[in-house]
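Subject: Handover of a structure

Dear colleague,

Please find below the structure that I am handing over to you. I would be grateful if you would look through it before reading my notes.

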Amino acid sequence: MLKISYIKKNIKKLIIDLKNRRFKNINLLNILLLLDKNNIKYKIKLNKILTIINNYSKNFNKNINNINKILKIKNRKKYYKSIIKNNNIKINKILLLIPNILDKKYSNKINNNIIYKYSGNRRENKKYYSYIELSKTNDIFDIIKSSEISGSGFMIYHGVGLRIYNALVKYFLDYNNKHGYKEYIVPFLVNKNSLYGTGQLPDKNNQLYKIYNNNLYLIPTGEVPLINIYRNKIFNINDLPIKSQTYTNCYRKEAGSYGKKVRGLNRLHEFGKVEIIEIVDKNRSIIRFKYMLNHIKNLLKSLGLIFRIKILSSKDLPNTSSITYDFEVFSVGQKIWLEVSSLSNCLEYQSNNLNIKYRYNNKIEYCHTLNGSSLSLPRVLVAIIEYYQFEKKIRIPKVLEEYY
RNA sequence: GGAGAGAUGGCAGAGUGGUUUAUCGCGACGGUCUUGAAAACCGUUGAAGAAUACAUUUUCUUCCGGGGGUUCAAAUCCCUCUCUCUCCGCCA
C-alpha cells in the first residue's frame, strides 16, 4: 500500500491517476485525509497528557499529594487512545484499497497498445490444427480424467505433452539462472499476512483458494512467497538488485470466466509457472524493468513463437502495479492470443507493506519490487504444440532439444 | 499431541517495577596518525509521528514478537495470540 505521508504529499497526482484507473471511490481520499487530520489532533492531545504523566512519575516521591489530578488525567488518556486506535483501523482499511500511483508513461492515454511484435521463426503455410485436435492423434493430456478427479480447470499431462512441459520448466529455470536469477523452492500455501504484503489481499480475495481449517491460502502466483522471503530486510545498496526465481503451481478460482477461449489448457485453476522477481533501489528501477522486459522477450524469441508485447491501459492495471506489460503468444491452431507473462513494476507499494528497505549514504529508503512470469507453462505448451506441428505430429523448438 | 525454554536496535547480547535517556561488544560512519592502506587511538550510531523554527533548530510522544490489562511509573508483573528452540510421542 501507499504510505499516508506519501499520499498527502502527492495528492494531486494521485487523484489524476485514480481517475485514469477508473477507480470508483475517489471520495475515499477525502475520508482518509479527514481521518488523518482528526488523528493528528488527538495525538497532540494525547502527547500532552503523556508528558504530564511522565513528568509526574519522574518526580513521584516529591508530589504524592497531587495523585488525584493524575488519576483524572488517566481517564482522558484512555479515551484519546481508543479514538486514535479506531481511526488507525479505519485509515488502514482505506489505504489497502488505494491503488499504486501510475508510471509517467500513463500521463498520455494508453489503450492496451501493442509495442512489439515478433512473427515467429517458421513459415510453412499449411493448415494448423488446434492442440485439442492434435491430442486425438498424439499423447498429450487427458482432460476427461482430470475433470472426473477434480472438476473443470485441472489437467493431466502425459506422453509428448508431459515431456515438453518438463523440458520447458528446465529450460526456463536454466535460462533465468544463467541471467542471475537464483532459484528457490517455496511453499505453495501461505498465510494472510503474506498475501496482504504483496497486495493480492484484499483486492483479489474472490480469486483465491482458502484452506479454511488452518487459515492458509493456495498461492495464486509464485511472486507471493518469493517476495515475502525478503520481508523486514534492510539491504546494503551494493547487494541490490536481488534477483530470484521460483517454479510453482499457481491456483486461481477464475470466477466469472467462461466460454470457448478459457477452456482446456487456455485457463486452468491450477497451472505451473516460473516467476522471476527483482528487488532494486529506486534509482535503478526503470532500468531493471527494461532489463526484465528484454529478458522475457528474448526467452520467447528463443522458442521461435509468434508473440506480441502490450502495455496495459491504466484502467486494466493491477492495484499494486504502476506499469504493466503483457506478453502474449499466438495460438496458431485456435487463432487467439494467449497471455503467458505479465511484467509489473510495483515501486514501493509492496515494500511498504513488507518493510523491505536499503541503506544508502546513511539513509534508509524503501526498495522497489518488480515481478514477471518467465513463463507460464500450459499456454506456452499449447503454442508450441500447435506451432511446431508437422503432418499432425509434434516437433519441438531447437532450444528444448537438450531438455527433452 | 504432551512437557519445558525463549522472542530486546544492522548483528550479537545484558537488563525481572523507578538515573534505562535500553549497558557492553561487533559492524557501520567520521576524525587523528600515514605517501596510501591496515593497525592503534578518539568520537558518532535505530525507526515512526507531531509541534516549532528554518539552510536546517529546539522540543514532545511512541516503538524491547503482535494485541490487551495492572500501576503515578512496565522490556520487566498479569492475560492472550503468533513464531522459534529443546525433549518425548506419532508419522512420511
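The notes below describe the chain, its domains and the surface near the RNA.

This is a predicted model, in which local features need pLDDT of at least 70 and side-chain atom pairs count only at pLDDT 80 or more, while totals for chains, interfaces and linings use all residues. Residues are numbered from 1 along each chain as its sequence is written, and chains are lettered from A and ligands numbered from 1 in the order in which they are written.

Chain A has 404 residues, of which 39% count as buried (20 or more other C-beta atoms within 10 Å of a residue's own, with C-beta atoms placed from the backbone). Its C-alpha trace spans about 100 × 45 × 40 Å along the principal axes. The secondary structure comprises 12 helices and 16 strands (DSSP runs, H or I of at least four residues for helices and E of at least two for strands, numbered from the N terminus).

An automatic or database assignment divides chain A into domain 1 (4-97) and domain 2 (110-403). Their C-alpha centres lie 42 Å apart. Each domain gives 4 residues to the contact between them (C-beta atoms, placed from the backbone, within 7 Å).

Around RNA strand B there are 19 residues, and L50, T51, N54, S57 and F60 come nearest (near means a C-beta atom, placed from the backbone, within 6 Å). The elements giving two or more residues to this surface are α3 (27-58) and α4 (67-97); α3 provides the largest share, 10 residues.

Yours sincerely

How values were computed: Two residues are in contact if their C-beta atoms, placed from the backbone, lie within 7 Å. A residue is buried if 20 or more other C-beta atoms lie within 10 Å of its own, exposed if 12 or fewer, and partly exposed in between; C-beta atoms are placed from the backbone.
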